[in-house]
Each structure stands twice: as structure tokens, then as C-alpha cells.
Amino acid sequence: MLFKSKKTSLKDLVLPRHIAIIMDGNGRWAKKRALPRSAGHSAGSKNFKDIARYCNKIGLEYLTVYAFSTENWKRPKEEVDNIMNILRDYLKDAKNFKDENIKVKFIGNIEALPDDIVFLIRDAEENSKEATGLNLNIALNYGGRDEILFAFKSLAKKVQKGEMNIEDITEQTISNSLYTAGQPDPDFIIRPSGEYRLSNYLIWQSAYAEFWFSDILWPDFTSKHLDKAIEDYNKRNRRFGGV
Ligand code: IPE
Ligand code: IPE
Ligand code: MG
């Protein structure tokens, strides 16, 4: 754990309030080992649990992970079914969120998912709602543009019903209409796997985020890599347009 190392200690480092991770590279991880893509998703899921636990341990306030995008439905049915089954297994274990004091929230178009998954998701959220540790957002059937579209529609509906005026539509009311309403924007976005893009992730919320890219494939991304990323984050000079 970084904060116990001789070189750096917790008091020397500022932890971002909110870290977002694009958990990418499961397929290539499996291919390198001549395994089916499903093995990559299983390894990625296991790694996600380890990293979430680690983030809770070091006292991170918010972690948002990208698990399945609105575009990932383009994949072969077999792969999508496999990912949904991994998700089902994870959710059935949901009592762990409570034991670990992690508060879980799913962001994305959840209602469009199969009924049994929606039920398990709402159960997991309900069960962990009193937790006071890490706030874990899992982005599932999530797309940044889809989220903004959803926000526009909900604001337009309020205007149509006479509940608000057009002048009341502000950056704040838009933020409050997103799935992440009430949460701080991500300070730091991590994407392993060697891709240098957002792939429709948190496009409104990332306006002033810092980025960290690496070639490591998600199942190989350890707490040591996260430590290194946080160390690098501490070298950034965030100006937010100022001087
Ligand atoms: C990320 O890994 C998992 C999901 C998108 C669900 P990928 O499956 O995209 O892995 P690569 O990019 O093909 O290696
Ligand atoms: C982004 O990864 C989505 C998730 C990690 C869930 P993709 O593998 O879908 O992204 P692209 O297709 O390489 O942009
Ligand atoms: Mg990918």
C-alpha cells in the first residue's frame, strides 16, 4: 500500500475525491493467454472487487467504474450473455457491500436491463444505503450521451408542465438531472488497456478531470498501479481555467 511505503506517506499525498476507471482490456488479456473472452471478463470482475476494496481501505470517497456501455450491446450475444451472468453472480453476493461498508449505486439506463438484474440491483442499493465508506458507482448500460439526453428530456418535461422556466436551466440543474446527481465530478479518470479515449464515459462530468492512461490490461491492473496513478495525480497542476 502506497501510503505505508518509505518514500511516500498519506500525509504527503492528496487523494482525489472521486476516481473513475474505464475497466478495459479483458478481451486482450484473455487472447494473450489463448483463453476465451469470457475468462477475461471473469478475471476483470475479480480485479474490480479487489480494486474497489482497496479504494475503500485507503479512504477514497467516490469510485465510478465503467462495466458495460450502451455501445457494448453490439458485441456477440454470447459475450453479452456471459457479462450479464458475471454481473448476476456479483449481485447475488451483494450482502458483501454491507459487510464492507461500501455504498453501491448503479448509473446508466438500468430499467432497460433484464428484470431479474434490475431486481438484484435495487436490492443491492437498498441493502448498502446506510454504508458510510466508499461510494461505489457502477456504470452499467451507461452512455454519456444517453445520460445527457435523459437529463434534457426530464428538464423539458418540467418546463412543459410549468414546473420550471427555461431560465432555470443552468449547469447546476443539468448536473442535478444526471445519474450522478449530488455527487462531485470525477477528479481523475484512469484508462488502462492502451486506448486513449473516453468511449462515451462521463462526458459531462469529466470537463475538468485529470487523465491517466496505461498499457496495462484491466485484469493486470493492481493496487500498485493505482498507487502510482495517485502519485502522478499529485504532480498535476489543476488550474480550472485560472492562473
Ligand atoms: C472491457 O474489456 C469489458 C467491457 C467492455 C465489458 P473488453 O472486453 O473491451 O476488452 P478488449 O478491449 O476487447 O481487450
Ligand atoms: C469501454 O470499453 C467500455 C467499458 C470498459 C465498459 P470498450 O472496449 O467498449 O471501448 P472501445 O470500443 O474500445 O472504445
Ligand atoms: Mg475494450
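Student: How many aromatic pairs does the count come to, if ring centres have to lie within 6.5 Å of each other?

Tutor: The model is a predicted one, and the count in it comes to 14 aromatic pairs. Take the pair of Tyr 208 and Phe 240 to begin with: the ring centres are 5.4 Å apart and the planes meet at 50°, so the pair is classed as tilted. That angle lies between the limits, since planes under 30 degrees apart count as stacked and those over 60 as edge-to-face. The two residues come from distant parts of the chain, 32 residues apart. Tyr 208 sits in the loop between strand 5 (188-191) and strand 6 (210-213), and Phe 240 in the segment after helix 8. Tyr 208 has a relative accessibility of 47%, so it counts as partly exposed.

Phe 211 is partly exposed at 27% relative accessible area, and Phe 213 is partly exposed at 32%. Phe 211 also has a contact with Ser 206, which touches Ile 189 and Leu 198 as well, leaving aside residues up to four places away in sequence. Ser 206 belongs to the loop between strand 5 and strand 6. Its relative accessibility is 6%, so Ser 206 counts as buried, the limit being 20%.

Ring pairs also build a cluster, made of Tyr 66, Tyr 142, Phe 150, Tyr 179 and Tyr 201. Members of this cluster turn up in the pockets. Tyr 66 is among the residues nearest the centre of the largest pocket, together with Met 23, Asn 26, Ala 67 and Phe 68. This pocket holds about 700 Å³ of space and has a lining of 30 residues. Helix 1, helix 2, strand 2, helix 3 and strand 4 each give at least two residues to that lining. By class, the lining has 14 nonpolar, nine polar and seven charged residues.

The second largest pocket holds about 210 Å³. Phe 150 and Tyr 179, both from the ring cluster, are among the five residues closest to its centre, the others being Gly 108, Asn 109 and Ile 110. In total, 14 residues line it, and strand 3 (103-107), helix 5 (115-127) and helix 6 (144-160) each supply two or more of them. The most come from helix 6, with four residues. The lining of the second largest pocket divides into six nonpolar, two polar and six charged residues.

Over the whole structure, one cavity of 30 Å³ or more is found, and the largest cavity has a volume of about 150 Å³. Phe 48, Tyr 90 and Phe 97 are in its lining, and so are Lys 49, Ala 52, Arg 53, Asp 93, Ala 94, Asn 96, Glu 100, Ile 102 and Leu 136. Helix 2 and helix 4 (95-99) are the elements that give two or more residues to this lining, and helix 2 has the largest share, four residues. Seven of the lining residues are nonpolar, one is polar and four are charged.

Lys 49, in helix 2, is partly exposed, with a relative accessible area of 29%. From Lys 49 to Tyr 90 the C-alpha distance is 9.1 Å, although 41 residues separate the two in sequence. Phe 48 and Ala 52, by contrast, are buried residues of helix 2, as are Tyr 54 and Cys 55, among others. The cover over the buried residues of helix 2 includes strand 1 (18-22), helix 1 (26-32), strand 2 (62-69), helix 3 (77-92), strand 4 (135-142) and helix 8 (223-233).

The length of helix 2 can be checked. It has 21 residues (37-57), which at 1.5 Å a residue should span 30 Å, and its end C-alpha atoms are 30 Å apart, in agreement. Gly 59, with a positive phi near 90°, follows helix 2.

How values were computed
Residues are numbered from 1 along each chain as its sequence is written. Chains are lettered from A and ligands numbered from 1 in the order in which they are written. This is a predicted model: local features need pLDDT of at least 70, side-chain atom pairs count only at pLDDT 80 or more; totals for chains, interfaces and linings use all residues. Side-chain values use heavy atoms; hydrogens and water are left out. The expected span of a helix is 1.5 Å times one less than its number of residues. Buried means under 20% relative accessible area, exposed over 50%, partly exposed in between (1.4 Å probe, protein chains only). Contact means heavy atoms within 4.5 Å. On a 1 Å grid over the protein atoms alone, a cavity is a set of points where a 1.4 Å probe fits but cannot get out, and a pocket is an open set with protein on both sides within 12 Å along at least five of seven lines; lining residues have an atom within 4 Å of a point. Grid points are joined across faces, edges and corners, and a volume is the space filled by probe spheres set on the points. Ala, Val, Leu, Ile, Met, Phe, Trp, Tyr, Cys and Pro count as nonpolar, Asp, Glu, Lys and Arg as charged, and the others, Gly among them, as polar. Rings of Phe, Tyr and Trp (its six-membered ring) pair if their centres lie within 6.5 Å; planes under 30 degrees apart count as stacked, over 60 as edge-to-face and the rest as tilted.
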